[in-house]
Amino acid sequence: MSTTSNWKRIVLGAILLASKVWDDQAVWNVDYCQILKDMVVEDVNELERVFLELIQFNINVQQSAYAKYYFDLRSIAEQHGLTLPIDTLDKKRAKKLEARSQNEEYDKLAEMVESGPVK
């Protein structure tokens, strides 16, 4: 459950994991510590482990969920006079994103199994 005292860590955990899922050259956890001076790499590693546990290691994004939030965010941006990239989400691109998400989920689970149990 998010509260006024933990929402920033939840968002950070989501960004950290999303960057690793979607970027071929993701930022290392130690690099986040260069930006977030009050965090040490052990804290970032633990945040990532706990976040994965909380989402039950399910990093797959269903096509329907992606599409919903994609269009919701576009609407909010338009309401505030902001622009988003021109690329629209078509069915082919949505399927490709979903497949990539499933592959990354498998890879991340394999990595976690190899690294041993979470404390």
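Q: Let's start with glutamate 48: buried or exposed?
A: Glutamate 48 counts as buried, because its relative accessibility is 9%. Here buried means under 20% relative accessible area, exposed means over 50%, and partly exposed is in between, with a 1.4 Å probe and protein chains only.

Q: Before I go on, what sort of model is this?
A: This is a predicted model, where local features need pLDDT of at least 70 and side-chain atom pairs count only at pLDDT 80 or more, while totals for chains, interfaces and linings use all residues. Residues are numbered from 1 along each chain as its sequence is written, and side-chain values use heavy atoms, with hydrogens and water left out.

Q: Thanks. Where is the place of glutamate 48?
A: Glutamate 48 sits in helix α3. Helices are DSSP runs of H or I with at least four residues, strands are E runs of at least two, and both are numbered from the N terminus.

Q: And what does glutamate 48 touch?
A: Leaving out residues up to four places away in sequence, glutamate 48 touches Leu16, Leu17, Lys20, Asn29 and Lys108. A contact is a pair of heavy atoms within 4.5 Å.

Q: Which residue forms a salt bridge with glutamate 48?
A: That is lysine 20, with the closest N and O atoms 2.9 Å apart. The pair links distant parts of the chain, since lysine 20 is in helix α1 and glutamate 48 is in helix α3, 28 residues apart. Lysine 20 has 24% relative accessibility and so counts as partly exposed. A salt bridge here is a side-chain nitrogen of Lys or Arg within 4 Å of a carboxyl oxygen of Asp or Glu.

Q: How many salt bridges does the structure hold?
A: Three. One of them joins the side chains of arginine 49 and glutamate 46, at 3.0 Å from N to O. Both of these residues lie in α3, three residues apart, about one turn of the helix. Arginine 49 counts as partly exposed at 29%, and glutamate 46 is partly exposed at 31%.

Q: What about lysine 68?
A: Lysine 68 forms a salt bridge with aspartate 72, where the closest N and O atoms are 2.7 Å apart. The two are separated by about one helical turn because they are four residues apart in helix α4, residues 63-79. Lysine 68 is partly exposed at 44%, and aspartate 72 is partly exposed at 32%.

Q: Let's zoom out. How many helices and strands does the chain have?
A: There are five helices and zero strands, giving the pattern α-α-α-α-α along the sequence. Of the 119 residues in the chain, 24% are buried. Among contacts with a separation of 6 or more, 60% are between residues 24 or more positions apart.

Q: Back to α3, then. Which residues are buried there?
A: Val44, Leu47, Glu48, Phe51 and Leu52. Seen down the helix axis, the buried residues of α3 fall within an arc of 125°, so they line one face. That arc is taken from the directions between the helix axis and the C-beta atoms. The face turned away from the buried side carries exposed Glu42 and Leu54.

Q: And what follows α3?
A: Glutamine 56, whose phi is positive, near 55°.

Q: Now α1: which residues are buried?
A: In α1 they are Leu12, Gly13, Leu16, Leu17, Ser19 and Val21. This helix covers residues 7-22, and its 16 residues should span 22 Å at 1.5 Å a residue, which agrees with end C-alpha atoms 22 Å apart. The expected span is 1.5 Å times one less than the number of residues.

Q: Which residues make up the largest nonpolar core?
A: Leu12, Leu16, Tyr32, Cys33, Met39, Val44 and Leu47, seven residues in all. Helices α1, α2 (29-35) and α3 (41-54) each supply at least two residues of this core. Apart from it lies another core, of five residues, including Val21, Phe51, Leu52 and Ile59. A nonpolar core is a set of buried Ala, Val, Leu, Ile, Met, Phe, Trp, Tyr and Cys residues joined through side-chain atoms within 4.5 Å.

Q: Last one: what is methionine 39 in contact with?
A: Setting aside its neighbours within four places in sequence, methionine 39 contacts Arg9, Leu12, Cys33, Val44 and Leu47.
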